[in-house]
Amino acid sequence: MKLNPKQLAVSAALLTLLAAGAALPATAASPISAPAAITFPWSVVATESVETGDYAASMTVGTAQQLSPVVTPAKAAKRNGVSYVSDNPNIVSVTEDGVVQAVGLGTAQITATCGGVSCTYAITTQPDSTMIATEMDITLASSTIAVGDHTNVSLAVLPTTAANYINVTLTSSDPSVATVNNFGKVTGIAPGKATITASTGDVSCSATVTVVAAPSSSTGAAESLSLNTNYLVLKPGASGKITGSVAPSTASQSLTFTSRDKSIATVSASGVVTGVSTGATSVVVSNGTVSSSVTVIVNRTASSSSNGGTADGDGTEPADGDPIVNAIENAASDTISYPQEQVPVITTEMLNALRTTGRTLVLDAKDYTLTVDGSAIRNTTSEIATALTFTQDENGLRFTLNDGGEMPCGVQIALTGENAAYSRLYLHNSVSGKWQFLNSYKDGVLHADVAGEYLLTNQNLRFTSINWTFFIGAGVVVVACLIAYIAVKKRYWFW
């Protein structure tokens, strides 16, 4: 192919330019550098390290602090987020934002994690002022015991909330005379005196116990202590008096009075009890050999004397209102126990107090124990007679519950002695006049929620009766049909 002169000139110019470009340095040939890597908002940023940063390694229970871990690079924390976890939330808890709260005593570790890299915070908690005992008082149920006998230690702590956290150590100054265990049980070893000391931290208190020789079996009848009352109900500031006597009359009549909780009620050496603040406690009365206790209930609603005078000399409580109701409302535990003869009837007021507080009333009798659960009370419009009389018959043992009146709730009856030998329960149906099987039970514990006459037995009783009215009626119908049949047939016999 032939090129014209103009095409030849263009080709030559192109070849010249190519040769000149090839002769330039590499830097001159590429004056524009490669663009930098572009980072997008959704790009993953790798975490290089996570440090704890500044924080308080010791915290008081009830306080909080914010953790601020240092993440490198800083963008990693924003992109990946930081998560927190506590190895013991009962001591130190932590929120998803890193706020830690001291909730219990001890040491816990908080782990902060970002992008798979972690750091650990070690935090130790310290008790607050409500968890540290500032004052403590010790009381012995009896300050004089015989060799081989026991008495118990009672402790009162201020503030009262500290009792849930402190560790108390009990020691005896002379274990050869009296010993004390960790549960506060003091045992007489030999005649003499010993000091029982309770201590926690820098706070301690002590009481002296006197151990006397064990009485000889030839000394006669055992001693017994009788008191003028089993309970006192007082307003704060009001007073009541406890008196007592020991039988036989030759025994020591010198009585000591000790309040189990002086923050609720105090007692003088002569037995005058004074209410301090609302609550329930007991006063221990002892002559050194035998002891008994009186329940003291301090209630602002009690109608005791305004001048704080003592109770009447007959030993009745210096407050109006039902003492059983007051005891239920002010009990320190969920279960209240009484001898059955002291509560022959569970009144509507008692039922209302049980249902309101959710507490359980237990009544002990000679052959049974009757229990009423306050949370199971359906209504408080009727009462419960607590006395049960058991009568033997040919089938088993009969008794009547609540004298046939309406039951406001079910009761549990735990039978003892020979009465616990049965396992089947029947209820008498007054309409049909028959025994109706209710259930089988074991261990002498049965449940009943219907008033009426019951039968305890081990037999499988089957009561049947024939309804003669049905058979007579059926016979009349058969005879009528027979007469009609004969009458119809006779019409055709004449044909």
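## A tour of the predicted model

Over the protein chain the mean pLDDT is 81, and 81% of residues reach 70 or more.

Residues are numbered from 1 along each chain as its sequence is written. This is a predicted model, in which local features need pLDDT of at least 70, side-chain atom pairs count only at pLDDT 80 or more, and totals for chains, interfaces and linings use all residues, while side-chain values use heavy atoms, with hydrogens and water left out.

**Helix α4**

Select residues 323-330, helix α4. Helices (H or I, at least four residues) and strands (E, at least two) are DSSP runs, numbered from the N terminus. Seven of the eight residues of α4 are buried, so the helix is largely enclosed by the rest of the structure. Buried means under 20% relative accessible area, exposed over 50%, and partly exposed in between, with a 1.4 Å probe and protein chains only. Pro323, Ile324 and Asn330 are among the buried residues. To see what they pack against, show β19 (231-234), β25 (279-286), β26 (291-298), β27 (335-339) and α5 (348-357).

**A four-stranded sheet**

Now display the open sheet with the order β2-β9-β8-β5 and mixed pairing; two strands pair if DSSP finds at least two bridges between them. The edges are β2 (58-60) and β5 (83-86), each with a single partner strand, so one side of each is left without a neighbour in the sheet. β5 pairs with β8 (residues 106-114) in the antiparallel sense over four bridges. Within this pairing, Val85 stands opposite Thr111 in β8.

**Cores**

A nonpolar core is a set of buried Ala, Val, Leu, Ile, Met, Phe, Trp, Tyr and Cys residues joined through side-chain atoms within 4.5 Å. The largest has 41 residues, and Ile346, Val372 and Leu456 have the most contacts inside it. A second, separate core of 22 residues includes Ile145, Val177, Val186 and Val211.

Centre on Val211, in strand β17 (residues 203-212). Val211 is buried, with a relative accessible area of 3%. Leaving aside neighbours within four places in sequence, Val211 has contacts that include Ile145, Val177 and Ile189. The C-alpha atom of Lys193, 18 residues away along the chain, is 6.1 Å from that of Val211.

**Aromatic pairs**

Rings of Phe, Tyr and Trp (its six-membered ring) pair if their centres lie within 6.5 Å; planes under 30 degrees apart count as stacked, over 60 as edge-to-face and the rest as tilted. The whole structure holds five such pairs. Select Phe399 and Tyr454, a stacked pair at 5.4 Å centre to centre with 10° between the planes. Phe399 lies in β33 (residues 397-401) and Tyr454 in β38 (residues 452-457), so the pair ties together parts 55 residues apart in sequence. Both residues are buried.

**Loops**

Go to Pro159, in the loop between β12 (150-158) and β13 (169-172). A cis peptide bond joins Leu158 to Pro159, with omega about -10°. Another cis peptide bond joins Ala247 and Pro248, with omega about 0°.

Finish at Asp443, in the loop between β36 (434-440) and β37 (445-448). Asp443 is exposed, with a relative accessible area of 70%.

Notes: Contact = heavy atoms within 4.5 Å. pLDDT = per-residue confidence, 0-100.
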